[in-house]
Amino acid sequence: MHPLTEKTELRGLLPEEMAQTLQEWGHPAYRGKQIFKWVQSRAVREAAEMTDLPQALRSKIEAERWLRPLALSCCRVSKDGTEKYLWQLADGELIETVLMPYRRSQTRDRVTVCLSTQAGCPLGCKFCATGQQGFRRNLTAGEIVSQVLDITHRKGQSDPDFKVTNLVFMGMGEPFLNYEQVRRAIELFTHPEGQNIGQRRITVSTSGIVPGIERFARENWEINLALSLHAADDQLRSQWMPVNRQYPIEKVLNACRRYWEQGRRRLSVEYALIEGVNDRLEDARQLGKLFTRWPIHLNVIPVNPVTESGARRPDKARMVQFLDELKRQGIDAVIREERGVDIEAACGQLRGAAHGEGET
């Protein structure tokens, strides 16, 4: 259990954890469930908004700073509706979150939030702006959840029916290097008294942390797994993704296959297409060989240019040729729709600019 201390963030606690400490203070256990609903479902930012709590309890929550929303440093809105948020944490660290609305004519709108799980990233992938900035620290579950809650609070001011429907853990950081806090955040997001987001609407992305993939496969979840692959052979992948030296492709794919066999959830594969690096037709053929008789969905992503690496995206004709070859190899593949290019929606770009680091 998590006692309420000066280091505890209410947004990172489950209702039964809140209830236990509240009982120790002499409050009835049901207050924990009340607080949980205010914090997680209604996304309040101040204890004063919890109108059915005793004033003394609200005052204590405020005085002890047990409810700590994120501080908005910057928000940019793209012409396509994508919104990029730069948040400042309590210790001054900066993280990014992306909101992507998808309008549908016959079914309800889909609103996807791309979440960060670390401030910075330790993996150092060459084509990733975040990777070039280094690692600061892991986020707490409360900080992960707060990205959705504070967006919900902000959007709810003008649209009371606003609701985040889908989550992708594809922002700053490697989720499986912060497994416990990511796991807790998922429990909070899916709790029926909270945001109540369906498991099948959540995707966790990894660069190939094998122990994390294996543990993920053993969870009793229906959550989707996405693998950031970006190369079909170890030599090339190690050049651009140093994590491959510890977890080479064969070990990563064996772990991913166990995930598929455990729950029969189709694996998604992310492949950032880089001009002159991994965009040959032969690269597409190698990908086909890796996934023979294995149901996957492959997202071909035009790389976001990063000044430090010199990575550039191929022209449209080259991308189409690459996609066509994948399909000839029997791979279910699409070129991912680009969102928020005009507002630097790729991971790390806005944070890097805020720190005065190289922009793209």
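Reply: Gladly, and one point on the end of a helix may come first: just after α1, Gly-26 takes a positive phi of about 95 degrees. Please keep in mind throughout that this is a predicted model.

Me: Why is Glu-16 called partly exposed?

Reply: Glu-16, which is found in helix α1, has a relative accessible area of 43%. Buried means under 20% and exposed means over 50%, with partly exposed in between, so Glu-16 at 43% is partly exposed.

Me: Which residues of helix α1 are buried, and what do they pack against?

Reply: In α1, which covers residues 15-24, Pro-15, Glu-17, Met-18, Ala-19, Thr-21 and Leu-22 are buried, and the term applies because buried means a relative accessible area under 20%. The buried residues of this helix pack against α2 (30-41), α3 (55-64) and α5 (179-190).

Me: How far apart are Glu-16 and Lys-33, in sequence and in space?

Reply: Glu-16 and Lys-33 are separated by 17 residues in sequence, while their C-alpha atoms lie 7.4 Å apart.

Me: What makes β3 and β4 count as paired strands?

Reply: Strand β3 (residues 94-102) and strand β4 (residues 110-114) run antiparallel and are joined by 5 bridges. Pairing requires at least two bridges between two strands, so with 5 bridges β3 and β4 count as paired. Among the bridge partners, Tyr-102 has Arg-110, which lies in β4.

Me: Which are the edge strands of the sheet, and what makes them so?

Reply: The sheet is open and has 10 strands, in the order β1-β2-β3-β4-β7-β8-β9-β10-β11-β12, with mixed pairing. Its edge strands are β1 (71-77) and β12 (332-335), each of which pairs on one side only. From one strand to the next, the twist averages 20 degrees.

Me: Which helix packs on this sheet, and which strands does it touch?

Reply: Helix α4 (residues 141-156) packs on the sheet and touches β1, β2 (83-88), β3, β4 and β7 (166-169). Its direction makes about 120 degrees with that of β2. Contact means heavy atoms within 4.5 Å.

Me: What can be said of the protein chain as a whole?

Reply: The protein chain has 11 helices and 12 strands, and of its 360 residues 55% count as buried. Residues 24 or more positions apart account for 65% of its contacts with a separation of 6 or more. Its accessible surface comes to about 16000 Å², of which 44% belongs to carbon and sulfur atoms.

How values were computed
Residues are numbered from 1 along each chain as its sequence is written. This is a predicted model: local features need pLDDT of at least 70, side-chain atom pairs count only at pLDDT 80 or more; totals for chains, interfaces and linings use all residues. Side-chain values use heavy atoms; hydrogens and water are left out. Helices (H or I, at least four residues) and strands (E, at least two) are DSSP runs, numbered from the N terminus. Axes are lines fitted to C-alpha atoms, for helices over the stretch in contact, and angles run from 0 to 180 degrees between N-to-C directions. Buried means under 20% relative accessible area, exposed over 50%, partly exposed in between (1.4 Å probe, protein chains only). Accessible areas come from the Shrake-Rupley method with a 1.4 Å probe; for residues, only the protein chains shown count as cover.
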